[in-house]
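For each pair I looked up the angle, the distance and the residues involved.

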Amino acid sequence: MTHIAWVPERWVDAATDTLAGMGERHPSRTILLFPRPDEPRDELDGEVDLRCFVRAGEQGQVCSEVISLQLCGPRANAPASVAVPLLVPDLPVFLRWRGEPDFDGPALPQLTGVADRLVLDADEWSDCDATFARLPEIFDRITVSDIAWAKLQPWREACAALWPGGIAEADSLRVAGPRGETLLLWGWLQARLERRLELEHEPAGEVELVAIDGDEVPQPRATRASASDLLSDQLEIFSRDRIYEEAVRALEAVPA
Amino acid sequence: MSVSTKVEAPNPLEEGLRRRRTPEPCALTIFGASGDLTQRKLFPALYALAVRNLLPPKFGVVGVARTEMTDEEFREKMKQAIQDHARDGFQQDVWDEFAESIRYVATDFADQGGEEHVVKCLNELDEKHGTAANRIYYLAVPPSAIETIVVEMGKRRSAEGWTRVIVEKPFGYDLETARKLNEIVHEYFAEEEIFRIDHYLGKETVQNMLVLRFANGIFEPIWNRQFIDHVQITVAESLGIEGRADYYERAGAVRDIIQNHLLQLLALTAMEPPIDFTAESVRNEKVKVLKALHTPGPKHVVRGQYGPGHIEGEEVPGYREESDVAPDSMTETYVAAKLYVDNWRWADTPFYIRTGKRLPRRETTIAIQFKRAPHPPFELDSDDALRPNVLLIHIQPDEGVSLAVGAKVPGQGMSIRTVHMDFLYGGSFRTGLPEAYERLILDCMLGDATLFTRSDEVEEQWALVDAMVAPWKRDRPNFPNYEAGSWGPVSADELIHRDGRSWRRH
């Protein structure tokens, strides 16, 4: 497969770390696009690496091609024209967009035009409320994965285990966790239960507590999934996630 | 009269949840816990499941063996086994959680009361770890010990929860003993509670056989006698008997490999598409193939035994010089055979199978050789220049699939050379394929018997093997008849050369 990553400057380190873990699970051609629109020169800087990973417990190694491209100046406005000639023919193309999707810029529509799936992480967004409000604009253009949504899977299972119980008539949700995951859990419950829930949010680095109508949802077992594992899991999904889309669409009138 | 039926509303929160298959609480009892299999395969597999959170949240393991050990000593031994053999790096926190539920019972079932110790230990696990009286008994013991354990544990099966029994190969020694063993096990356990393990079926590439055949439109239309010239299945081992003379002297290659692994690979290659991927559907189709196997005559079966030779440059002894092997042993370490599947799809298409120890390298492959192109319009130097297409399924090592096709050699003229289109598992998917035992133990916990062998399959396999070995009682071949490090006896080459074919090149 081809894995395109759009990596604005502040995400370079995180993207490189994730790549190191992912290459072992998903041998692929990775095209790292580093936009540098403010550079005065109108140039492409490229570097090609062959990264080889020893296969755990086995002989031989697996090698992935990593093409790193700095899109300087106006070149940052035409990333698809750079990526398309480098795609592996006939195999799926995943676009990992680091940080907030830029709905109004040229890069996002161009790159979603050549990819089969867009992988986001709502926990990387500084303004989740506004971004979720605009996200449905692209649902009909490309299939969207969200790593924050994947992280919620154990909590969703824990909530589902409370059915039928009182959860069917729930009125309020309290979450201590990142804003992105909190909103997704809230939107999901509203969409699935078809009712409005009051949301109370306490910021935290990861989801630590979920309470429905004041009753804490039993803590799910730890998943021990790394960032690479979470991204790798998304690369194994091809179909459109209707439940996710409905959860995002249910995030109307987000409370402050 | 109207009948009202209460229909429970579906859980809307379940919709779209990509749930991992999580088993119900249960306790796994391993009989033969001090053995090699437990340390090399079973505990590393359980640990791999623990690392991936695939074990039930409420789980326990009881090791049972004759060796005197405390719980703590057994845990230490298993910890070492995991550190030595697990495919994942050792994680202390995973181990600590897992180790809490490990118990050990030292008993000889010949002793009165041994089984009571096991039951008592399981009851304690139910109380302390909430294993809900769900039991799996893993019989990693010699065939002679199976009956006693089945009877004693069968008599004491809990009225609550479910009980499943995993039986390691060999399941019986011949058709008669296999039938008797089936009868004994069926006296206490229903067929759906019995999981006869053949670890080959847990291998990713073996399962990929089904995907390759039935999820790709291009193969099935040509997967028959019209297009396929013949099939070759090879299970080659470079190792000798590795100190297992006691077992191997009785089993030989035919019972060690052909009766189970090789016939399973053949069945998967030749079976019709199942209507779904349930245990019954898949196994029904495999049994049809086994029933359709034509009994090979003596001329279609070759056996051999290795003499001294060299493996990877190292001098190795002959079979009869291995420790605890009789100096005049007539046990076969190599078998090749030509089989026919007498049905519409495969009539007159030979399946050449072979297995052996001390062959030049370890390799399990299924080679589907297609018929030659009928009338190539090229002027070629020789017929050999245009070789037939071969679809090669590598089961181990280097799991993957390759297709040999003819390609034009660049330059003037029209020279053709065979090239390979390869799909290597490690090159396209995550590395570190799950070990077969991980998949199979998890499937048993989930009650999914698709990748296990059913009683009628085992009996059909034994029926064929019995027929193959019956003539062997009447003759004494001149053993040893192949050198360690060679590809087997000359007679095996003759078996296939007689048909104008040859074993594939390695």
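This is a predicted model: local features need pLDDT of at least 70, side-chain atom pairs count only at pLDDT 80 or more; totals for chains, interfaces and linings use all residues.

At what angle do helix α9 (residues 279-292) of chain B and helix α12 (residues 455-469) of chain B pack, and how far apart are their axes? I read an angle of about 15° for α9(B) and α12(B), with the axes 9 Å apart. Angles under 35 degrees count as roughly parallel, and α9(B) and α12(B) are therefore roughly parallel to each other. I recorded the passage of α9(B) over α12(B) as a left-handed crossing.

I then listed the residues in contact. Helix α9(B) contributes Arg283(B), Lys286(B), Val287(B), Leu290(B) and Lys291(B). From α12(B) come Asp456(B), Glu457(B), Glu460(B) and Gln461(B). Sorted by class, the contact of α9(B) with α12(B) has six charged, two nonpolar and one polar residue.

Second pair. I turned to helix α5 (residues 143-155) and helix α6 (residues 175-188), both of chain B, whose axes come within 9 Å and cross at roughly 15°. The crossing of α5(B) with α6(B) is left-handed.

On the α5(B) side I found Ile146(B), Glu147(B), Val150(B), Val151(B) and Gly154(B). On the α6(B) side I found Leu181(B), Ile184(B), Val185(B), Glu187(B) and Tyr188(B). I counted seven nonpolar, two charged and one polar residue in the contact of α5(B) with α6(B).

Technical notes. Residues are numbered from 1 along each chain as its sequence is written. Chains are lettered from A and ligands numbered from 1 in the order in which they are written. Axes are lines fitted to C-alpha atoms, for helices over the stretch in contact, and angles run from 0 to 180 degrees between N-to-C directions. Helices (H or I, at least four residues) and strands (E, at least two) are DSSP runs, numbered from the N terminus. A crossing is left-handed if the near helix is turned anticlockwise from the far one by less than a right angle, and right-handed if clockwise. Two residues are in contact if their C-beta atoms, placed from the backbone, lie within 7 Å. Ala, Val, Leu, Ile, Met, Phe, Trp, Tyr, Cys and Pro count as nonpolar, Asp, Glu, Lys and Arg as charged, and the others, Gly among them, as polar. Angles under 35 degrees count as roughly parallel, over 145 as roughly antiparallel, 65 to 115 as roughly perpendicular and the rest as oblique.
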